[in-house]
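Work through the exercises below with the sequence and the structure in view. Try each task before reading its solution.

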Amino acid sequence: MPDVDVVLDQAGLTNESVREFVRRWAGITGAERVEVVNTSDDARLAQEALDAGELLPVGDGCYYSRSYFKDTARSEERTIVATSDPSDKGVYNNWRPSSEMKPMLEERMRGASAGKTMYVIPYLMAPPGSPLEKFAAGVELTDSRTVVMHMIRMARVNVSYVNDLADQDSFVRAVHVTGDLPNLGQGTPDDQRYFVTVADERTILHFGSSYGGNALLGKIAHGLRQGCYDGWKNGFLVEQFMLLGITDRETGRKYNVCGGFPSASGKTNLAMTLAPDALGDRYVVEFYGDDIAWLWVGDDGRIYGMNPENGVFGVAKDTNEKTNPTALDSIRDGSGTIFTNVAYNDKTHEVWWEGRTKTPPADLDGWIDWKGNRIAERGPDQASDPWAHPNSRFTTNLANVPNVAKDYEDPQGVPIDAIIFGGRTSDREPLVRAITDVPEGVYDGLTLGAEATFAADGLDGQLRYDPMSMRPFMSYPEGDYAQHWLDIIGAATTKPIFAHVNWFQRDPEDGHFLWPGYRDNLRALLWLVALNEGQVKGRETPVGVVPVKEELKLEGLEIVPEDLDTLLSIDVDRWRQELDNREVHLKQFDRLPEAIWVAHRRVAEALEAADS
Ligand code: GTP
Ligand code: SPV
Ligand code: MN
């Protein structure tokens with residue numbers, strides 16, 4: 001057993017509550033060493049990881065990491081929210097009593113870090129000085145050096161964040177133990193993994209993975225799941241939202257838009273958007289956040305938003321010069337980016353993923369797929385296997401993102417003008433429909449239906465409702481969540497406009513995407529801004545206001561005219577069916593506010609009255 005106090009003294013970690021937490025878990029996990037990390041330790045840790053073969057070099061100053069092949073995405077089934085109050089049970093939060101889960105996790109973690117180092121990561125999920133700072137401090141204990149390096153990129157990491165706490169006890173206690181990955185029965189009835197947020201104790205216990213949201217506990221478990229619960233109890237909103245600013249350089253006005261799209265459905269890409277070349281340099285998009293936003297009502301009565309993260313954990317697939325040049329710039333040589341589960345060339349130290357270029361590198365020499373197989377030696381049965389895992393990702397710091405807003409660290413956040421929802425919906429949902437009524441906007445978010453993606457194990461392509469894109473992160477009951485939204489937005493004296501967008505409608509015959517997507521998505525947002533400014537009127541439909549063609553900035557857009565017509569039309573019959581499904585969906589939720597039902601009935605009646 002290491003002498004924890006000596007280590008903590010040397011690291012200058014003075015917070016006695018944190019010290020007690022570290023001592024306790026060092027004892028339980030049986031770690032051989034304890035080490036406190038600050039951001040300034042990154043270069044040393046990287047060198048150790050390279051020496052140990054945990055990371056491989058990429059280009060100049062970037063890294064490659066491979067996770068265990070059964071550990072490549074979040075597991076929704078194994079993720080649990082535990083509290084001591086059974087009325088916290090919702091439809092999606094897999095609620096269990098904390099009295100049952102805590103001993104179970106302690107049991108699994110006991111001795112499970114034997115022989116390893118337990119790293120102590122004190123972090124802050126907020127720009128320092130934020131009005132929500134007191135909900136943002138945490139300490140992650142992890143037995144994985146790769147996880148430490150990810151956390152240094154994704155969060156603000158320094159002992160000062162816990163030493164300086166006004167209430168020394170108010171930090172999230174997050175414990176991550178990797179476990180014996182080849183022997184955890186992932187995906188079988190004997191699955192040993194558990195990812196538990198004990199929300200009413202602000203404690204996170206994750207066992208059995210070293211990947212992404214399962215292991216970087218500041219990000220998903222604290223930044224979303226715990227944050228969502230804290231926000232409910234303390235009057236703010238925590239959402240899986242991107243956050244961007246659009247400046248019109250002709251008028252000098254800036255509009256801030258945030259919004260939810262389910263995992264791997266376009267948040268990072270939207271926040272990194274460059275205006276289409278044909279629109280010139282009039283519009284500039286600034287990046288605030290790509291995965292999480294915390295929202296509150298400011299003193300001036302507007303809704304404010306901030307990104308609690310300090311980095312991007314972005315999907316690699318289909319990232320290229322055309323779709324997302326900003327992302328490529330963010331992961332350039334010297335950026336310190338960590339690439340995970342992409343394909344790697346051990347001779348040239350290059351990386352590749354599907355969609356990086358139209359076809360894979362022709363010269364197979366040195367190329368290894370994400371599982372570690374040499375491409376040149378793969379048998380005929382593996383020939384069509386992807387080189388990179390579909391959920392392979394890059395991890396880079398916000399400071400590397402070329403369009404990051406100048407004021408991205410401003411603790412006051414930015415005022416929100418619009419809240420949008422979207423997802424992978426292959427039919428029915430038009431390009432954009434705007435909603436000005438608040439309960440109807442909240443209703444629209446609650447009935448977000450989309451195809452699930454490879455970001456969660458075993459769900460790719462499954463059509464399902466994903467309220468406000470929070471289904472995997474929802475930590476309290478959905479009816480209460482809806483009421484909380486109505487309360488927060490209701491308390492704002494200046495209301496944001498709502499909208500639903502869809503970049504993923506497909507041709508039913510040949511399956512092509514009707515909308516070119518990516519940089520062209522800005523055109524839909526510019527229309528929304530113009531509508532909010534009263535410059536365009538759009539067309540009223542039962543499900544919101546949609547653009548008429550002439551109102552969209554179409555310069556340089558490559559699209560078949562019939563496809564654009566489809567994207568701007570409402571299939572009334574299909575929508576009537578959808579309303580029946582929504583009714584079933586909403587009926588699952590206890591305590592759903594009457595205002596949501598009123599909005600639902602109003603839309604349903606308008607659809608009944610419409611011509612089909
Ligand atoms: P998480 O990090 O999992 O929460 O995902 P995200 O919502 O940030 O998704 P991201 O922007 O990383 O996109 C996921 C995938 O969708 C990538 O493969 C993108 O290339 C693809 N994608 C993003 N935007 C568009 C679009 O407008 N059209 C099409 N066809 N694909 C898109
Ligand atoms: C998501 O799945 O929505 C992510 C990636 O943002 S992970 O951090 O793995 O949850
Ligand atoms: Mn996400």
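## Exercises on the chain and ligand 1

The chain holds 16 helices and 31 strands, where helices (H or I, at least four residues) and strands (E, at least two) are DSSP runs numbered from the N terminus. This is a predicted model, in which local features need pLDDT of at least 70, side-chain atom pairs count only at pLDDT 80 or more, and totals for chains, interfaces and linings use all residues. Residues are numbered from 1 along each chain as its sequence is written, and side-chain values use heavy atoms, with hydrogens and water left out.

**Exercise 1.** Find which residues come nearest to ligand 1, and which polar atoms lie by its oxygen atoms.

Step two: look for polar contacts, here pairs of N or O atoms within 3.5 Å. A polar side-chain atom of Lys267 is 2.7 Å from an oxygen atom of ligand 1, and one of Gln240 is 3.1 Å from an oxygen atom of the ligand. Lys317 has a polar backbone atom 2.8 Å from a ligand oxygen atom.

Step three: find the cover. Of the 660 Å² of accessible area (Shrake-Rupley, 1.4 Å probe) that ligand 1 has on its own, the protein covers 96%.

**Exercise 2.** State which element gives the largest share of the shell around ligand 1.

*Solution.* Helix H9 (267-271) and strand S18 (311-315) each give two or more residues. The largest share, three residues, is from H9.

Notes. Chains lettered and ligands numbered in written order. Near = heavy atom within 4 Å. Polar contact = N/O pair within 3.5 Å; in protein donor to acceptor, adjacent residues only side chain to side chain.
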